[in-house]
Each structure stands twice: as structure tokens, then as C-alpha cells.
Amino acid sequence: MTRQHAVKIFTFALMIPFVACGRGRESAGHQSDSAFAAMQVRGQTVMGVDQYASAHVVEDLEDGGRIVLDAENLSDTAGIVAIRHHMRDIATAFRAGDFARPFQVHGQVVPGTAGMAARRNTITYEATDRPRGAEVRIRTTDSVAVAAIHAFLAFQRTAHHAAGHEAMPGGVR
């Protein structure tokens, strides 16, 4: 075997793990894209809202947080009505300690929901209409409940690829 041939074999052997790692990332990205798309379909089914024609903003606040859901297009009146209906339903369900819908959308127990359910008597949920949708404001003075709310909101923000307050017009809080 010539030195040149040995170098080619050695170089090829070194490339295998890098190629495999690259494929792993592509596969993981594809799986992630597939998982996100599946969640979007479940979200539309559970929420009655086209997930690709609406946008979430999920914001931690000192006394809890808020979830904003707006239609992308102001002329999507059916979507806006569906969002408002969904957000009122969510506020009512969460008030009762019922977190079945987040489980159905995400296909897993959502972090923070057990704590929010356990402390439901210390948390208020208020749905408010917005020009293109609605928001649910979550408030409490219970520090353990705030931690549970923040865990829930962090998961929602990540899962929905949602922004925090920085996406709100003028940084509105």
C-alpha cells in the first residue's frame, strides 16, 4: 500500500463520523419539523384555529403571564372568532384545573400544568378580545403558582415557536 493510498483510506475513515453526524442532524431536524407539523395539525383540531394563519405570543410576567393568539390577517374574521372562542374556553377550563387541551395539542403532559391544577384556587384566568384575536391573562400572588405558570409558558413558547413580549407592538405588557 502506498503512502498516498493510506492517506486516502485514513481520510475516508475520518469522514464517516462527520457524515453520520450530519445525517443525524438532518434526520433530527426532519423529525423536529414533522413533530412540529403534527402538533400544528393537533392544534387546529383541538383549538379550531388554523395554526399557520395565526401567531402565539407567550409572555412571562411577574404575577404570572399571558398567552396571546392573533390571526395573521385582520380580514380573517372566521379565524378571529375561532380564536376568541378558544381563548374563552381555555380560560374557563384552566380555571377549573382542566389542562386536557394542552395535553391533546402537544401529545404529552405539559410542564407546569400539575402545579397550576393543584393551585387553581390561587390563580385567575381572564380572556380578553384583541383586534385580531384574544389573550388569556394569568395572575396569581402565589410564588409556587407563578413558578408553575412560568414552566407552562416556557414550554408553550418553545413548542409553538412563539415570541415573548418583544414581539408585541411597542413591547406592550
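Leaving aside neighbours within four places in sequence, which residues is Arg84 in contact with? They are Asp129, Arg130, Pro131, Gly133 and Ala134. Keep in mind that this is a predicted model.

**Overall layout**
- The protein has five helices and four strands, and going along the sequence they come in the order α-β-β-α-α-α-β-β-α.
- There are 173 residues in the protein, and 38% of them are buried.
- If you take the contacts with a separation of 6 or more, 62% of them link residues 24 or more positions apart.

**The largest nonpolar core**
- This core has 32 residues, and the ones touching the most other members are Met116, Tyr125 and Ile138.
- Two or more residues each come from β2, α2, α4 (113–118), β3 (123–130), β4 (133–140) and α5.
- Helix α2 gives the largest share of the core, at eight residues.

**The β3–β4 hairpin and Tyr125**
- Strands β3 and β4 make a hairpin, with two residues sitting between them.
- Their pairing is antiparallel and runs over eight bridges.
- Tyr125 stands opposite Ile138 in β4, and both residues are on the list of those touching the most other core members.
- Setting aside neighbours within four places in sequence, Tyr125 is in contact with Ala91, Phe94, Arg95, Phe99, Met116, Val136, Arg137 and Ile138.

- Arg84 belongs to helix α2 (residues 77–95).
- With a relative accessibility of 22%, Arg84 counts as partly exposed, because the buried class stops at under 20%.
- Its side chain gets to the backbone oxygen of Arg130 at 2.5 Å and to the backbone oxygen of Pro131 at 3.5 Å.
- Arg84 and Arg130 are 46 residues apart along the chain, yet their C-alpha atoms are separated by 8.4 Å.

**Arg66, a buried arginine**
- Arg66 sits in strand β2 (residues 64–71).
- This arginine counts as buried because its relative accessibility is 4%, and the cut-off is under 20%.
- The Arg66 side chain has a polar contact of 2.6 Å with the side chain of Glu59.
- The side chain of Glu135 also makes a polar contact with the side chain of Arg66, at 3.0 Å.

**Helix α5, from start to finish**
- Helix α5 covers residues 143–159, and its 17 residues should span 24 Å at 1.5 Å a residue; the end C-alpha atoms are 24 Å apart, so the two agree.
- Where α5 starts, a side-chain oxygen of Asp142 comes to within 2.8 Å of the backbone nitrogen of Val144.
- The buried residues of α5 are Ala145, Val146, Ala148, Ile149, Phe152, Leu153, Phe155, Gln156 and Ala159.
- Just past the end of α5, His161 has a positive phi of about 55 degrees.

Conventions:
Residues numbered from 1 in each chain as written. Predicted model: local features only at pLDDT ≥ 70, side-chain atom pairs only at ≥ 80, totals over all residues. Heavy atoms only, no water. Buried < 20%, exposed > 50% of the residue type's maximum accessible area, 1.4 Å probe, protein only. Polar contact = N/O pair within 3.5 Å; in protein donor to acceptor, adjacent residues only side chain to side chain. Contact = heavy atoms within 4.5 Å. Expected span 1.5 Å × (residues − 1). Core = buried A, V, L, I, M, F, W, Y, C linked by side-chain atoms within 4.5 Å. Pairing = 2+ DSSP bridges.
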